[in-house]
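Okay, thanks for having me, everyone.

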Amino acid sequence: MADSPWEVDGRFFSSRYKIFVVSDAGDELSDQIKGLEDEFEVVVQPIQTVHLHTILQSNPDVVLFPATEECFTLAREIKAGPIGPFTQVLIVGRPDTVASPEQFCASGADNFIKLPLSCDCLRLKLRAQVRIQQHLRAAVERVWKLNAEIQRINRELEMLAEIRFQEIIEVRDLTIFALAKLAESRDPETGEHLERMRWYSRIIAEELCAGSAPEEDIPSRFADEIFRSAPLHDIGKVGIPDSILLKPGRLTPQEFEVMKQHTIIGHQALQEAPRKNAAGSFLARAAEIARSHHERFDGTGYPDGLAGKSIPLAARVVTVADVFDALTSPRVYKKAIDPDVAKSIILREAGAQFDPHVVAAFERRWKDICAVGEPYWQQIPEEKLERSFAEFKGVAGRSIPTETVPLTQKAVPC
Ligand SMILES: [Fe+2]
Ligand SMILES: [Fe+2]
């Protein structure tokens, strides 16, 4: 055996294999072991003092155990532990000293060496075992390297998939928003209404997700879904004739009935996608918002006259955001209401037009609502602002102008 180190897969090993022998002075093995020290690094430990940790610390290539109960136990612990794959465990003894073949197999030992045995025979057997051990070690290390490589590739693929997934989500969201903007473009005065109302909706939804909506079963991605879906609330207006949608004056009752249909049209269009493909399931949220964003908490809204919690929560959120932005935005037929006044109107309608829990969430996040609206409010010319609540009531004639009230149906374009 050469003394120079040798290499397996770039790792260098000593040519002197380490043999850990559990043997008492004067026993059958002790004499043969002495004759092996020219070739192997031999560590001998008496059976009375041997412990698992001394063997593990020694990190031998081969362990020789006498066939005793204690050594069967040690053999099992070594083979089951971290050095098990790299250590050959041999039981040495006369055939009649092994309690049973089952006991030997249960120990996990790699081989049984029969005594008596000459030193040369033991040398040959140890050479064979260390060769097996080195092949196993090289194979295990190769597996480890391959496994590490596979894990690295998997991580890269996961990152790539995540990047692609995010790109798809972004493109999808942009496409949907563009679609909503296209529908909104028929009403040139709504400005960045969709952008603001989706943020108001998100802020309220986040507050509800944080636990301020008792007895509501809120999905974990509720705020995200609302943010994506809210801009589609009026998508059904693409199906309303220009003569009604763009009519500057008051709608007749018949025209208003047609106008109400935008909720149904939007719902029908949006619910088609999730039916055709499971990937379009997020549009189910948009569909319920499109249908129910003109429902009122007291049950006097449209198109279904739903009341309370039978109105989907997403729609109860969006309707507050939508009305608040409409109140605080000027139109050719109305001025913008001061945000604080608009807030007081929203609060006053808790339990009537709006869900009280949603209104409470809106109020708790008032600072964040203002942070979104402020840049827009500051741009509104003074002559398009209604500063006082009294003045507002005088102009609109009703507390909350919505399409549900024909007299004031054009005060808030929804
Ligand atoms: Fe609407
Ligand atoms: Fe709207």
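Predicted model: local features only at pLDDT ≥ 70, side-chain atom pairs only at ≥ 80, totals over all residues.

Let's begin with the largest nonpolar core, which has 48 residues. Which of them touch the most other members? Those are Tyr 200, Ile 204, Val 317, Val 320, Ala 321 and Ile 346. If you ask where this core comes from, the largest share is from α11, with eleven residues. There's also another core lying apart from that one, made of 27 residues, including Tyr 17, Val 21, Phe 40 and Val 42.

Ignoring the neighbours within four places in sequence, Tyr 200 is in contact with Ala 321, Phe 324, Asp 325, Ile 369 and Val 372.

Now, the helix pair. Helix α11 covers residues 313–327 and helix α12 covers 339–348; their axes come within 9 Å and cross at roughly 145 degrees. The crossing of α11 past α12 is right-handed. On the α11 side you've got Val 320, Val 323, Phe 324 and Leu 327, and they meet Ala 342, Ile 345 and Ile 346 of α12. Sort that contact by class and you get seven nonpolar residues, no polar ones and no charged ones.

Next, have a look at Phe 354, in the loop between α12 and α13. Is Phe 354 buried or exposed? Phe 354 counts as buried because 25 other C-beta atoms lie within 10 Å, and the cut-off for that is 20 or more. Skipping neighbours within four places in sequence again, Phe 354 is in contact with Phe 297, Thr 319, Val 320, Ile 346, Glu 349 and Val 359. And here's a pair to click on: Phe 354 and Arg 296 are 58 residues apart along the chain, with their C-alpha atoms separated by 6.2 Å.

Last stop, the sheet. What's the strand order? It goes β4-β3-β5-β6-β7, five strands in an open sheet with parallel pairing. At the edges sit β4 (41–45) and β7 (111–114), each pairing on one side only. On average, neighbouring strands are turned by 25 degrees against each other, direction ignored. Zooming in, β3 (residues 18–22) is joined to β4 by five bridges, and the two run parallel. Lys 18 stands opposite Glu 41 in β4. Then helix α3, residues 69–80, packs on the sheet and touches β3, β5 (62–66) and β6 (88–93). The direction of α3 makes about 155 degrees with that of β5.

That's my tour; over to you.

Methods
Residues numbered from 1 in each chain as written. Chains lettered and ligands numbered in written order. Axes fitted to C-alpha atoms, helices over the stretch in contact; angles between N-to-C directions. Helix = DSSP H or I, 4+ residues; strand = E, 2+ residues; numbered from the N terminus. Left-handed = near helix turned anticlockwise from the far one by under 90°. Contact = placed C-beta atoms within 7 Å. Nonpolar A, V, L, I, M, F, W, Y, C, P; charged D, E, K, R; others polar. Core = buried A, V, L, I, M, F, W, Y, C linked by C-beta atoms within 7 Å. Buried ≥ 20, exposed ≤ 12 C-beta atoms within 10 Å, placed from the backbone. Pairing = 2+ DSSP bridges.
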